[in-house]
Amino acid sequence: MSDAVTRVSVEIAGKEISLETGKLAKQASGAVVVRSGDTMVLCTATAGNVRDVDFLPLTVDVEERMYAAGKIPGSFFKREGRAGEKATLTARLIDRPVRPLFPKGWRYETQLVALPISVDHENPYDILAMNGASAALMVSHIPFPAPVGAVRIGKIHGNFVINPNEEDLVDNTDLDLIVAGTEDAILMVEAGANEIPEAEILDALDIAHDAIKKLCAAQRELAEKAGKPKIEVDVPQVDPELYEQVKASHGAALDAATQVEDKLARQDATKAVEEEVLAQYAPDPEADDHADCRAAAQRVFDALEKTLIRERIAVQKKRPDGRSAEEIRPIAIEVGVAARAHGSALFTRGQTQALSVVALGTTREEMRLDTLGLETAKRYFHHYNFPPFSVGEAGFMRGPKRRDIGHGALAERALVPMIPSQEEFPYTIRVVSDILESNGSSSMASVCGSSLSLMDAGVPVKSTVAGIAMGLIKEGDEYIVLTDIAGVEDHLGDMDFKVAGTERGITALQMDIKITGVTFDILRDALSQAKTARTFILGEMAKVIDAPRAELSKHAPRISTIKIDPEKIGLLIGKGGETIRALQEEFEAQIDVNDEGQVLVYAANGEQGEALVDRIRSMTKEVEVGDEFTGKVVKTTTFGAFIELSKGTDGLLHISNVSPGTRIDSVEDVLDKGDELHVRVVEVDRERGRIGLRLADDPAVLGKTAEELADVGSGDPGPRRDRGDRGGRDGRDRGRPRDRGGPDGGRDGARVRDRDPDRPRY
């Protein structure tokens with residue numbers, strides 16, 4: 001085994017990307033380490049045994065290792081488990097552009113593995129993994145025909161940037177566009193955008209393809225220097241003589257079967273013709289050549305079915321369900337279908353139906369991310385489920401499949417730009433789309449349904465989002481772009497192009513192309529046609545609900561926000577959390593406070609939430625002259641009564657003001673500890689921490705402005721009583737005056753003396 005190390009490199013947008021083989025994982029058929037900066041990904045390609053299947057047995061795995069970013073996994077077991085969402089989405093990004101390029105007869109068990117071994121949080125590993133997987137195939141003995149390059153385009157401060165830094169992707173970009181392709185054509189597009197116009201998307205694709213060509217050239221250079229001889233593949237061919245025989249005997253029946261409009265009825269009719277063909281052209285199960293005859297007949301039938309449907313669409317301009325090229329299937333919309341959910345919508349388009357439901361929660365319920373990336377949490381997330389009954393089948397339901405995760409991420413990207421900020425709407429938002437029926441475009445139905453359900457929940461989204469799936473049939477130089485493709489058009493067509501957005505622009509894009517020769521003119525037509533369809537669907541959605549509901553569901557938690565002085569946080573929390581716990585128990589609510597003084601109040605209903613916010617505001621508000629409070633008498637003295645205005649802050653009602661117009665000898669003659677009084681602040685001495693009060697209905701203060709109250713006076717204000725200011729963060733009155741006599745001295749010049757008047761003075 002050779003120990004020679006081969007390395008090539010290419011510069012993309014001022015950054016070097018290197019491809020190295022011959023050092024690591026040398027027993028794999030192909031192994032390449034791709035590097036940019038300090039981000040390194042080991043990519044391998046291996047082929048196993050031949051499988052007797054009628055599909056490409058390709059598996060792509062992305063194995064994130066937390067050590068790559070200097071982290072220890074956060075699970076109980078402290079080791080990596082099943083692939084996370086980021087790894088799954090990256091595996092799909094690798095799979096989608098390379099799968100169509102494998103030879104049709106390749107039936108070897110094939111596995112691509114991408115292992116990030118170093119992540120610098122500047123160069124994202126997903127783009128490197130896509131290029132590395134293609135390079136590993138190119139240097140392996142697997143007959144992969146052409147290299148696939150991949151780049152990311154961001155739009156930062158109004159300019160397109162190739163392979164932007166990860167920090168800019170998180171905070172600054174209006175476009176996150178991933179493009180993969182060969183030297184000749186674009187094969188895959190995946191994008192999230194902030195209402196980007198169609199013309200700008202085309203410009204970004206053009207820029208991306210120029211960089212892709214350089215990456216493909218580097219992979220070819222590596223393969224020329226270190227590539228292994230390729231395995232020869234015997235590609236099964238359609239027997240032209242048998243094709244004509246089957247066409248003559250069953251062509252008319254198959255043509256009629258494939259024109260049945262209902263999906264399930266069309267499948268049954270087509271299946272019946274297929275069984276007749278196999279029975280006629282592979283009749284003897286005991287014959288030695290039965291398997292070969294059956295396989296040959298199956299290839300002919302599949303080719304004939306594909307030809308009939310494609311020619312009918314391209315030449316006769318007639319789709320399997322009878323629609324014209326730009327016609328959208330009938331749309332039905334209903335909101336509020338789940339009575340106890342916080343928001344819900346049922347979106348039906350033809351035979352595709354999505355139930356989208358919103359659940360609102362507190363910020364404590366946000367999704368924590370334990371990944372190799374910079375993001376650590378998400379407060380909006382979208383989950384997509386595709387149960388087997390949606391297509392009339394029975395199957396296992398053991399958690400989300402890769403397709404479910406991919407479609408959920410696509411819908412999430414489409415809606416994220418329209419979600420209000422946490423300051424505007426301090427909730428965690430989860431949307432779930434359950435596909436109840438499917439005949440194509442289910443991911444775009446989930447986008448429409450989820451946008452409707454968010455508005456039904458009262459989430460103040462910035463705009464409504466709709467999605468549409470476009471298709472393509474291309475024969476020679478002739479082509480036709482199809483709007484709102486059904487399942488059979490996706491299966492037999494040349495392109496699956498999903499576009500989601502608002503009236504102003506695109507918010508998400510996903511494109512998979514199965515053929516070469518899709519030009520920018522075709523893409524321009526597809527984007528234009530998609531915009532027309534999107535505008536129509538937005539209009540249909542607006543007929544049902546055209547703006548977020550003014551109020552949240554009565555079943556949704558009520559979240560209020562209030563900003564307090566950070567120095568008052570301790571007052572709100574109390575010693576050992578006693579104050580905040582007492583408030584939560586009293587109001588049956590939850591309180592969160594951060595170091596900046598932002599307080600979030602979560603209550604079961606609006607009335608409780610407002611009452612708690614008022615209490616917190618009164619507790620933490622800086623007392624001003626003219627403020628009114630209803631407080632309890634917490635202490636009586638020879639010179640007045642101390643009234644608790646808020647937790648930790650007292651004011652003094654002088655004895656002369658306890659009973660206006662009447663002279664009293666003792667405060668206790670009128671007031672007892674625990675009595676509630678409605679008082680007004682007439683004096684605030686912040687330097688000495690003293691607050692003077694009058695009864696709110698005292699004629700001397702009734703109706704007077706704050707400026708006029710300054711001339712009224714409060715009598716002797718006595719000692720400082722602002723326990724919060726003197727008690728530190730826990731809000732306790734550690735500096736509370738002791739009962740040591742009359743008001744002539746002490747720490748602030750007004751020491752309290754509350755003693756028996758007959759007791760001798762020392």
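Buried residues account for 52% of the 762 residues in this chain, which comes to us as a predicted model.

How does the overall form look? For 762 residues, a compact globule would have a radius of gyration near 27 Å, whereas the chain has 36 Å.

| Property of the chain | Value |
|---|---|
| Radius of gyration | 36 Å |
| Box filled by the C-alpha atoms, along the principal axes | roughly 125 × 60 × 50 Å |

The fold is built with 16 helices and 29 strands. Take the contacts between residues at least 6 apart in sequence: 69% of them join residues at least 24 apart.

Now for one helix pair worth a visit in your viewer. Two packed helices are described by the angle between their axes and the distance between the axes. Helix 1 (residues 85-98) packs with helix 8 (residues 402-415) at an angle of about 95 degrees, and their axes lie 10 Å apart. Because angles of 65 to 115 degrees count as roughly perpendicular, helix 1 and helix 8 are roughly perpendicular to each other.

Which residues in helix 1 and helix 8 meet? From helix 1 come E85, T88, L89, A91 and R92; from helix 8 come R402, R403, I405, G406, H407 and A409. Sorted by class, this contact of helix 1 with helix 8 holds four nonpolar, three polar and four charged residues.

Notes: Residues are numbered from 1 along each chain as its sequence is written. This is a predicted model: local features need pLDDT of at least 70, side-chain atom pairs count only at pLDDT 80 or more; totals for chains, interfaces and linings use all residues. Side-chain values use heavy atoms; hydrogens and water are left out. Axes are lines fitted to C-alpha atoms, for helices over the stretch in contact, and angles run from 0 to 180 degrees between N-to-C directions. Helices (H or I, at least four residues) and strands (E, at least two) are DSSP runs, numbered from the N terminus. Angles under 35 degrees count as roughly parallel, over 145 as roughly antiparallel, 65 to 115 as roughly perpendicular and the rest as oblique. Contact means heavy atoms within 4.5 Å. Ala, Val, Leu, Ile, Met, Phe, Trp, Tyr, Cys and Pro count as nonpolar, Asp, Glu, Lys and Arg as charged, and the others, Gly among them, as polar. The radius of gyration is taken over C-alpha atoms; the globule rule is 2.2 Å times the number of residues to the power 0.38. Buried means under 20% relative accessible area, exposed over 50%, partly exposed in between (1.4 Å probe, protein chains only).
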